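Here's a quick tour of a protein chain, one topic at a time. Have a look at the model first, then read on.

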Amino acid sequence: MDSDLVQLINKLSSDLTNSLKVNLTIFVEKNKTNNELLQNLKLFLFKLPEYVELNTKYIKLVGDYDELVKKYELLKENKDNITISVNEVKSSKNTTKEVKIVKLTNISNNIIKAKENEEDEEEELSKAKEDEEDEEEEEEEEEEELSKAKTEEEDEEEEEEDEEEEEEEEEEEEEEEEEEEEEEEVSEAKGKEEVSEEKGKEEVSEGKEEEVSEAKGNEDDEEQEQEDEDDEDEDEDEEQDEDEEELISITIKGKTYYKNELNNAIYECLPDEEVGKCLGKLVNGKIS
């Protein structure tokens, strides 16, 4: 029994060791390959120009920081060696402001340099502030100019709109005036037509009256003429009757004529035995 257990344990341990070796060898190999890739990537990245530039800037900043720390420590050490003497000066007639003179003694070169650097930094800061203020003033001026330009554009637009409205109103007024003129012309034309029609009617009525009067006058004239003609006819008939009573038919050279016995006048004898024209008088048997 003990031998069997020992064999089982050995078998299991051998199997475990073998499986661990196989699996771990794969993991270790993959880890090695990944580490090699990372190293290669690092080398590649470290050689990039951006990384080189940033690294140099970082080194420079670290150096500047170290120098500032050293200057600060020097200032702390030399604080006790500085003496300040302040003397008041009486104000003269020319100057109204009070002036104070400060004398510094036993100052080391490092402290002077530090102060000079601080003054330079303050000047730079003041200049930067002044530049910012100038830029802000310029921006404000630009904004004011833009606002002025906008207001001018708005004023121009309002003026243009007002002009357009005025033009539209003028056009509308002109159209209304034209319409009124046309209406007046139409009314005048209608009035003229009515007047002309009335005149025409009056003329027609007058013409009709004149025609009627003329017709009446013509009828009266015709009646008078007819009466005169009737009177003349009656007179002629009477004369003819008288002449017929006085005429006698005679024959001269085989032709028949009518002769008035009173005055020996000779008249033609028409085919229907009526009295014709007067041809002359009978003298010595001849018509003369």
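Lys57 is partly exposed in this predicted model, because its relative accessible area of 47% is not over the 50% that "exposed" calls for.

**A charged pair in a helix**
- Lys57 and Glu53 make a salt bridge, and their closest N and O atoms sit 3.8 Å apart.
- The general idea is that side chains of opposite charge can pair when their charged atoms come close.
- You'll find both Lys57 and Glu53 in helix H2, four residues apart, or about one turn of the helix.
- The salt bridge count for the model comes to one.

**Strands that fold back**
- Strand E4 (residues 255-260) and strand E5 (residues 265-269) run antiparallel, joined by three bridges.
- Lys259 has Ile266 in E5 as its bridge partner.
- E4 and E5 form a hairpin with four residues between them, and Asn264 in that turn has a positive phi of about 60°.
- E5 also pairs with strand E6 (residues 275-283), again antiparallel, over four bridges.
- Across that pairing, Tyr267 stands opposite Cys278 in E6.
- The E5 and E6 hairpin has five residues between its strands, with Glu273 in the turn showing a positive phi of about 65°.

- Mean pLDDT for the chain is 77, and 74% of its residues reach 70 or more.
- Helix H2 (residues 49-77) has the highest mean pLDDT of the elements, 92, while strand E2 (residues 100-105) has the lowest, 44.
- Over residues 95-111, pLDDT stays under 50.

Terms used:
Residues numbered from 1 in each chain as written. Predicted model: local features only at pLDDT ≥ 70, side-chain atom pairs only at ≥ 80, totals over all residues. Heavy atoms only, no water. pLDDT = per-residue confidence, 0-100. Helix = DSSP H or I, 4+ residues; strand = E, 2+ residues; numbered from the N terminus. Contact = heavy atoms within 4.5 Å. Pairing = 2+ DSSP bridges. Salt bridge = Lys/Arg side-chain N within 4 Å of Asp/Glu carboxyl O. Buried < 20%, exposed > 50% of the residue type's maximum accessible area, 1.4 Å probe, protein only.
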